[in-house]
Amino acid sequence: MMPISMSIGIVFYPVLSQLGFLTPYLIFFMLLLSYSNLSFRTIRFSKLHFWLLGIQLIGSVVVYGLLSSLVDPIVAQGVMICVLAPTATSAVVITGMLDGNMSSLTAYSLLSNLAVAVVAPVLFTLIGNNQGEMSFIAEFWEIGQRIFVLLLLPFIISIVISQVSPRTHSFIRKQKSMSFYLWNIALIIVTARTVLFLLTEGQGHFLLVCLIFFLAFVVCAGQFLTGRKLGRKYDDTVAGGQGLGQKNTILAIWMAQSYLNPISSIGPGAYILWQNMINSYQVWRKHH
C-alpha cells in the first residue's frame, strides 16, 4: 500500500496537494484510535525509556546545531525533524512481529508523543520560518495550541471516553484497523504536498534535497542501531530499536511543512522509505 499511496500522491499532486488541511485531522483520529487501544494499567516506564527520550530530544537539538553551522539550515531542519519525531504507534506491531516487548514499546511511544507535544513548540518557535515576525511568546502560543491539541487531546479524550462510556470506548477499540487506511490517506496527501514544494521551490535546491535524503538514511540507521544497542543493556533490544528508530513520519512531515522550511519535509519523507526497508529486513531476517 505504501508505494501505491505515494504513487497516487505523485501523479495527482495538483489536486491532492490542496487537501493538506486534512492532515492534522487524520493524525488526530489515528492517535485517538491508537490511544484507545492502550491499556494504561499495564504501562510501566523504565530507565531505558528515559535514555531513549534523552537521545530523541537532546539529539535533535545537537543535530540541528551541527548541521546548521557546518552545512545548511534547511538540511539541519530536515534531519533534525527525523530525530525529534515521536515513535510511531504502529511500531508496536513490528515489535510484536520481532518477538519484542510490546508493553515496553507502548509505554515509550506514549512518553515520546507527550514529550514532543511540549518540546516541539519551543524548537519550532526558535528555528522556524516565522522568526522575527512576532514575539517569542505569541509564536510559541500559536504553535503550541495546534501541537498540544493534535498530540494531547486524543490522549485526554480516550481516557474520558473509557471512564464515561465504556461501550463507546469498546466500539472505538474495534476500529483499530482504520488507522491503516487513515495513514495511507495522509501519506497520499503529504506526498502530493512534498511534490508540489519540490517542483515550485526545490528546483534550485537539488543538492540540498539529495543531501537531506542521504542524511535521513544515516540518521534512520543510526537510531535503529543505537536504540538496539542501548536496549540490549536492559534486556529490551527490539523495543529499544523500534522506539528510537521507527518514527511517526506523517506527523513529522506535517510539522516540517507547517513550521519549518517546506523543503525540509524531504527528510521525514525519505525516512518513510528507509525505516520501512529496515523493518522489512528485520522481519525477513527474523523468519528466515
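Ile143, Arg146, Ile147, Leu150 and Leu151 in helix α8 meet Leu251, Trp254, Met255 and Tyr259 in helix α13, where contact means heavy atoms within 4.5 Å. Sorted by class, that makes 8 nonpolar, no polar and 1 charged. The crossing of α8 and α13 is right-handed.

A quick word on the source: this is a predicted model, with local features needing pLDDT of at least 70 and side-chain atom pairs counting only at pLDDT 80 or more. Residues are numbered from 1 along each chain, and side-chain values use heavy atoms, leaving out hydrogens and water.

Two packed helices are described by the angle between their axes and the distance between the axes. Here are both pairs:

| Pair | Angle | Axis distance |
|---|---|---|
| α8 (residues 136–164) and α13 (residues 249–259) | about 165° | 13 Å |
| α7 (residues 102–127) and α12 (residues 237–245) | about 25° | 9 Å |

So α7 is roughly parallel to α12 (angles under 35 degrees), while α8 and α13 are roughly antiparallel to each other (over 145 degrees). The α7 and α12 contact is made by Ser104, Leu105 and Tyr108 of α7 with Ala239, Gln242 and Gly243 of α12. By class, that contact has 3 nonpolar, 3 polar and no charged residues. α7 passes α12 in a right-handed crossing too.

His169 counts as buried because its relative accessibility is 13% (buried means under 20%). Its side chain reaches the backbone oxygen of Ser36 at 3.2 Å. Leaving aside neighbours within four places in sequence, His169 is in contact with Ser36, Ser158, Ile161 and Ser162.

Key
Axes are lines fitted to C-alpha atoms, for helices over the stretch in contact, and angles run from 0 to 180 degrees between N-to-C directions. Helices (H or I, at least four residues) and strands (E, at least two) are DSSP runs, numbered from the N terminus. Angles under 35 degrees count as roughly parallel, over 145 as roughly antiparallel, 65 to 115 as roughly perpendicular and the rest as oblique. A crossing is left-handed if the near helix is turned anticlockwise from the far one by less than a right angle, and right-handed if clockwise. Ala, Val, Leu, Ile, Met, Phe, Trp, Tyr, Cys and Pro count as nonpolar, Asp, Glu, Lys and Arg as charged, and the others, Gly among them, as polar. Buried means under 20% relative accessible area, exposed over 50%, partly exposed in between (1.4 Å probe, protein chains only). A polar contact is a pair of N or O atoms within 3.5 Å; within protein, one must be able to donate a hydrogen and the other to accept it, and residues adjacent in sequence count only if both atoms are side-chain atoms.
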